[in-house]
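Hi everyone, thanks for coming. Please open the viewer on your screens, and let's take a friendly walk through one protein together.

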Amino acid sequence: MARGKGRRKSHQKGGKQFNKPKPAAKKDRSTNGRDIKHKEQYKRRLADQPDERFAKRQKVEDVPAADAESEEEVDAYSQLLSTFSKKERKNNVAVDSDSEEDDEDDSDLDEEGEGDSDAEADRGQHNPSQTGLPDTDSLKDESDSDAGSELAEEEEGDDDDDDLQDAEDVVNTDDNEGESVTSDDAVDSDDVGEADEEEDDSEADDEHIEITPIDSQEDALVTEDDPFAAHICRDLSEEAAEFLGQTKPPTKVEEVQWKSLGRLVVTIPDIPSSPPNVNTDSKLTLEEPKVYAQPGKMPVRARHVDLNQLHVKVQLHDTIPKANADNITPGNESEILTPLQLELFSVMNNYQDLYYPERTLENGEEVRFAYCLHAANHIIKTRNTVLHHNARLNKKNPADIPDAFRDQGLVRPKVLIVVPFREQARRVVEMLIKLLVRNEGKGNEVMNRKRFEEEFTGGELALPKKNRRPEDYEALFSGNTDDTFRLGLTLTKKCVKLYADFYSADIIVSSPLGLRMIVGAEGEGERDYDFLASLEMVILDQSEVFFMQNWDHLLHVWDHFHLLPKESHGTDFSRVRPWAVNGWSKHYRQTILFSSVPLIEFSSLLNKRCSNYAGSVRVVNPKTTGTICHVVVQLPQVFQRLDAISVSQSLDVRFDFLTRKVLPDHTDPLMGQTMIYVPSYFDFVRIRNYLRRQDLSFVQICEYSKEGKIARARDMFYHGQVQFLLYSERFHFFRRPLIKGIRHIVFYQPPTMAHFYSEMCNQMQEANQNPYGGSENNMTVTVLYNKFDAPQLAGMVGSERASRMMSSDRNVHMFMSGE
């Protein structure tokens, strides 16, 4: 068989193997005048090109070209002419028809072979017949002589061109998804001839890996300036990893002002810069220089929407306008993204941690679309990288796979999206489907769709129509409010699969409680957390709700990120990224946190449990006015500052001040009907036990109270039968009731959500008072705070005023609100 033929002896189509039909023979082509032509080409080749085999044997990089008039050249050329004439007369192969059939087969491979087994492709299990590489068994030389190799190369020049076109078609396995391979990745005909010559001299053909030439360590489908390639596809140096492993590594802090996001505080680890091209191993002199990951850079604000400039995959270009149509204001239909979405995506696409504490009812859907777009873009790039490497890599010895083709983690899940309720999860999944599925409704593009709609819809709360709840409450608790769920999504070429097993899923959407139940605790029999080992992106949406549910659930799950898996779970370790093997995955994880209020717990999570080597970006905008301006009742409001050195000390200082000063002053009969508002349940239990020991008259309402006891406590408090009402913030968050009869409020700590302060104060209106309870002039508000409550205090009174209160020499400040 002529050289260059038989590279794909069988093709995979429809899950079955079939032999490729032999091409029909073409008519004999004239060879008149070709001897002179090949002689001139052969002389030029010997004069211009170095002998690759000699260079390989001598282990040197450059060898001078052979002399054009040497005796070896004359002998080789004579043998070339004799062999060429014999083969030309003996066998002529129809190249054109074979090329057409190859193109057809390659098209079938593009349409069917690539997406039939995504799990197998992502684990790096490859079939030589599906790649665009020559099979070593089908490239046996017909002659061991050097001239025979040159002869086959000259004779089949046209055939090689056709076969190389086929190889390019197979390499471009993701053309249907909008990808293209650059001309540098195509195999040149001369390179094929040189590869064939090297095969003759190889002593262990079955123990090496054949790889199509690449120009850089990054995948050809991802450009070098793509932040995905710069962040994910490069390894940290040993010095950088050791630097990031410190308890508090030095950082650089810079600020920048953007139009929509406002003031950004960018914190970047001050990593000693590694040279962009460093090769520390002298044995790798024949390979390309090692390209290490560089320290993070300041995010760049995009001036206008250019999806190509934002490195958004082509597969998403058509779906973005339709999926984001509801967020575009009328009159701006030509815009693809809103200004807020553009700036959010610009930061997230830089693969830095993001803390955005200004999520509102108005921009909530804009924020959700922005992070869903970022997650979908990341998954498509990851999947295309794996598939592209599969097509270019013919695995022979897994131990010899270069780092450039190590493109996977210890397990498959890459993105974790945490939301509080099923309704929010449904909206996230629907948004991802709109982005990932082009023609939804024309086929089975979404698997298990019916089951998803049945389980994630319904179960709405019956909201009262007479005494309506606040707008934010109705928006949050609309839809299914179950907080125990977890869902895996797998992206394939033709569909999105819901309810996928975690170890074959690309994206996991879950609640903190849903993850906590499967992660379990130490000592439990059935627990699993291996699927959290290789997360590259964690998105927390509406984080303030997690704080109200149970913040410890999230922290417990967080402690199980990036642990060494107990089982292999079908992982092809020859394709695992070096930084994942080295245990540096936590330095590559991007954490994105959205909330409606700034809390010190959120800042602590990013400071102590996130170590992204690219740094972090925080949106820090001052509060011009606080919620105290929304208080309509005319009453004095006293803010008492408590000095404390640490958070643990502040707990005792606050409790001591309450028991020594506040409670004795409010036990007087004139100070009856006093509500003690407690944000933390642990403080709630501590105060309740103290009131019981002191035998004080009080009732309690918390999130664990039964309906009968709640009604009884509210009635007793309204009619003045008890002195105190101990009231938990979590109950107020989940129920938002109207408590009547309040004359005095003691905020044991500033409310977690600043608007709760004005809500509680406005419940003291005259219409809600017992006419026999006392005078409207005898009403007060007391707030206890310390320096660790600065974010909540700024939301209540404004940033500038809160700063003065924190630094003032006086510990007591009073405000008068109302008409």
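This is a predicted model: local features need pLDDT of at least 70, side-chain atom pairs count only at pLDDT 80 or more; totals for chains, interfaces and linings use all residues.

Let's begin with the sheets. As a reminder, strands of a sheet pair through backbone hydrogen bonds, either parallel or antiparallel. So in what order do the strands of the open sheet of 11 run? The order is β4-β5-β15-β6-β14-β13-β8-β12-β10-β11-β9, and the pairing is mixed. At the edges sit β4 (251–258) and β9 (446–447), each of which pairs on one side only.

Strand β10, residues 486–491, and strand β12, residues 507–510, are antiparallel and joined by four bridges.

On to charges. Side chains of opposite charge can pair when their charged atoms come close. How many salt bridges does the structure hold? There are 26, and I'd like to show you some of them.

Take Asp482 and Arg422, whose side chains meet at 2.7 Å, N to O. This pair links distant parts of the chain: Asp482 is in the loop between α16 (471–476) and β10, while Arg422 is in helix α14 (residues 422–436), 60 residues apart. Is Arg422 buried or exposed? Arg422 is buried, because its relative accessible area is 14% and the cut-off for buried is under 20%.

Another salt bridge joins the side chains of Arg609 and Asp559, at 2.5 Å, N to O. This one also connects distant parts of the chain, with Arg609 in helix α20 (residues 600–609) and Asp559 in the loop between α18 (543–558) and α19 (578–581), 50 residues apart. Arg609 is partly exposed at 32% relative accessible area, and Asp559 is partly exposed at 46%.

Next, look at Lys661 and Asp665, which form a salt bridge at 3.9 Å, N to O. Both lie in helix α21 (residues 647–666), four residues apart, about one turn of the helix. Lys661 has a relative accessible area of 43%, so this residue is partly exposed, and Asp665 is partly exposed too, at 41%. Elsewhere, salt bridges that share partners join Glu365, Arg368, Glu423, Arg426 and Arg427 into one network.

Last stop: the surface. Which residues form the positive surface patch? They are Arg692, Lys706, Lys709 and Arg712. Let's zoom in on Lys706, found in the loop between β18 (698–701) and α23 (707–718). Lys706 counts as exposed because its relative accessibility is 61%, and the cut-off for exposed is over 50%.

Definitions and conventions
Residues are numbered from 1 along each chain as its sequence is written. Side-chain values use heavy atoms; hydrogens and water are left out. Patches are made of residues with over 30% relative accessible area and no salt bridge: like charges are joined within 9 Å, nonpolar side chains (Val, Leu, Ile, Met, Phe, Trp, Tyr) within 5 Å. Accessible areas come from the Shrake-Rupley method with a 1.4 Å probe; for residues, only the protein chains shown count as cover. A salt bridge is a side-chain nitrogen of Lys or Arg within 4 Å of a carboxyl oxygen of Asp or Glu. Lys and Arg count as positive and Asp and Glu as negative; His and the chain ends are not counted. The place of a charge is taken as NZ of Lys, CZ of Arg, CG of Asp or CD of Glu. Helices (H or I, at least four residues) and strands (E, at least two) are DSSP runs, numbered from the N terminus. Buried means under 20% relative accessible area, exposed over 50%, partly exposed in between (1.4 Å probe, protein chains only). Two strands pair if DSSP finds at least two bridges between them.
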